[in-house]
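Please open the structure in your viewer and keep the selection panel at hand.

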Amino acid sequence: MAQPLRRAARAALFLTILLLPVRLGAQVAVVVNPHNAADDISLDRLKRLYLGQATTFPAGDHARLALHVPSSERFDQAALGLGREIVRSRWMAMAFRGEAGTLPVEYTTVEEVRKFIGDHPDGIAYLPASLVDDTMKVLRVDGKRPTDPGYPIK
Amino acid sequence: MTRALSTSRRLLATAGALVALVAVTATPSLAQHEMSGGGGPTIIRGFTDVTWRSGGWNTGRNAAFELGQFDLFITSQLADRFSFVGETVFEFDETAGEFVVDVERAGITYAIDDHLRLTAGKVHTPLGYWNNAYHHGLALQPTIERPLLMKFEDEGGPLPIHTVGVQLSGRDLGAAHLGFDVLVGNGLGNRPVADSTRTPSITLAAHSQLTPSLRVGVSGYRAVSEPGSETPAGSLLASRLTQTIGGAFATWFTQRAEAIIEAQQVMDQSAGQRTTSPGWFAYGGIRVSPRIVPYAMHDQVRLAANDPYFAPVHTRRETLGVRFEQSAAVVLKLEGRSIEDSARARAKDVALQLAVAF
């Protein structure tokens, strides 16, 4: 009787370990350079930035956009309410109109995002919350941190 | 009946061929071709399309394929704050019987700051929404053809679609996320190197991106044309003409729904006579799956009977279509259209278009 219980406990522990990073990683964190004065950004402002309708942080400083490609589908759906291809199409249209001065830079690895944020005091990007380290500042979105209940980008 | 069946078979065969082509060639990425420039990268993009039209049904055409504009679009970061946008179109001119080249846009922009830009060159006149959102690359446009109101000048459109001049633009200003455009340029006739009058055209436009999905705006245009100037009707103006255009629009774009409604009214004043020519269109689409958008559009233009500038005509068109977006760069559209004007019987046709960006 004790043997099956131990097996079940081991299986539960294994599953918990396996799923924990996924659960933490489900939230997408919005990150900026540690020297950036911004601590908070509204979801509306974030939408406008990543749809090319705005180019500045709430305080008026220029924002230079980057994105983490593996997180982009989740971010576009959760934060922008749009599919990835629709967002791409919007940016393409803006570039074609001559309105998009700089397209968001696309990075496939977290290390590249980390380097971008470190190199650019005006940089803003997103990546899985579980992969953020202390070289980046995580912005609250509508006053909520990625670990808070009701965080909108997950 | 036999003819309809034959047309249907041809349509199905063409649709099958184009769908197969989309499936084989589509890639999810947007290709860019970069070359080193003086101050930054020069990016060349291109657009083209192939359309099959059914003909028949009083259209006066045979079923045929149509090679669309071959559009080369260039952007370049020239130096700090200076950039360039150019768009050159190669298209078949039926009158000339050969391919011709048109410089559709060529603008040098100075970014004053994040919100203000100054552009000199040939631009799309900031009248309403459609004319600034959709240019010559049809992969980005929701329908196969532009609304009647927004047809290009050389296709008989009533509005000054392009203007050569200087434009100051503002975006994302204040809590209402206001934008504006002030364009001072050459007048009616869109001459790129000279103007037939000393009075420049002036375009004023303002809009508000009220939410990330909803935009509303208004615009106005005023220009004069001197006696002896050629008109779209093919005649020469007998007296000085003052043209004033006023319009408004609203757009709504979400994951699920998209809608554009826009109206423009042209007022021509010449020799004490004043005429009014209104036009409007409404477009709506529903995304039923990530790649498929059925849509409908109604548009009409009524050019006044005694107008000194336009040939009088009242044209109405209804469009029902479906758009298949393989990616942002590969789009297939199928439409049924019904069009009638004051000079011809109602004509109907079916069109299938494959439009790509590369």
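This is a predicted model: local features need pLDDT of at least 70, side-chain atom pairs count only at pLDDT 80 or more; totals for chains, interfaces and linings use all residues.

**Around B:Tyr283**

Stay with B:Tyr283, which has its place in strand β14 (residues 273-286) of chain B; helices (H or I, at least four residues) and strands (E, at least two) are DSSP runs, numbered from the N terminus. Leaving aside residues up to four places away in sequence, B:Tyr283 touches a set of residues that includes B:Pro142, B:Glu258, B:Tyr295 and B:Arg323, a contact being heavy atoms within 4.5 Å. Now show the side chain of B:Glu258, which a polar contact of 2.5 Å joins to that of B:Tyr283. Such a contact is a pair of N or O atoms within 3.5 Å; within protein, one must be able to donate a hydrogen and the other to accept it, and residues adjacent in sequence count only if both atoms are side-chain atoms.

**Strands of chain B**

Next select B:Tyr295, whose bridge partner in β16(B) is B:Gly321. Strand β15 (residues 292-303) and strand β16 (residues 313-327) of chain B run antiparallel and are joined by 12 bridges, two strands being paired if DSSP finds at least two bridges between them. Follow β16(B) onward to strand β17 (residues 330-341) of chain B, with which β16(B) pairs in the antiparallel sense over 12 bridges. These two strands, β16(B) and β17(B), form a hairpin with 2 residues between them, and B:Ser327 stands opposite B:Val330 in β17(B).

**The sheet of chain A**

Turn to chain A, which has 5 helices and 6 strands. Its 6 strands form an open sheet in the order β2-β6-β1-β5-β3-β4, with mixed pairing; the edge strands, each pairing on one side only, are β2 (40-41) and β4 (105-107). Select strand β3 (residues 64-68) of chain A, which runs parallel to β4(A) and is joined to it by 3 bridges, and there find A:His68, whose bridge partner in β4(A) is A:Tyr107.

**Where the chains meet**

Finally, show both chains: 27 residues of chain A are in contact with 36 residues of chain B. The area buried between chain A and chain B is about 2500 Å², of which carbon and sulfur atoms give 53%; buried area is the accessible area (1.4 Å probe) that two parts lose on being put together, summed over both. A:Arg48, A:Met92 and A:Phe96 supply 31% of the area that chain A buries against chain B, more than any other three residues. For the last stop, select A:Arg45 and B:Asp172, which form a salt bridge whose closest N and O atoms are 3.1 Å apart, the rule being a side-chain nitrogen of Lys or Arg within 4 Å of a carboxyl oxygen of Asp or Glu.

Conventions
Residues are numbered from 1 along each chain as its sequence is written. Chains are lettered from A and ligands numbered from 1 in the order in which they are written. Side-chain values use heavy atoms; hydrogens and water are left out.
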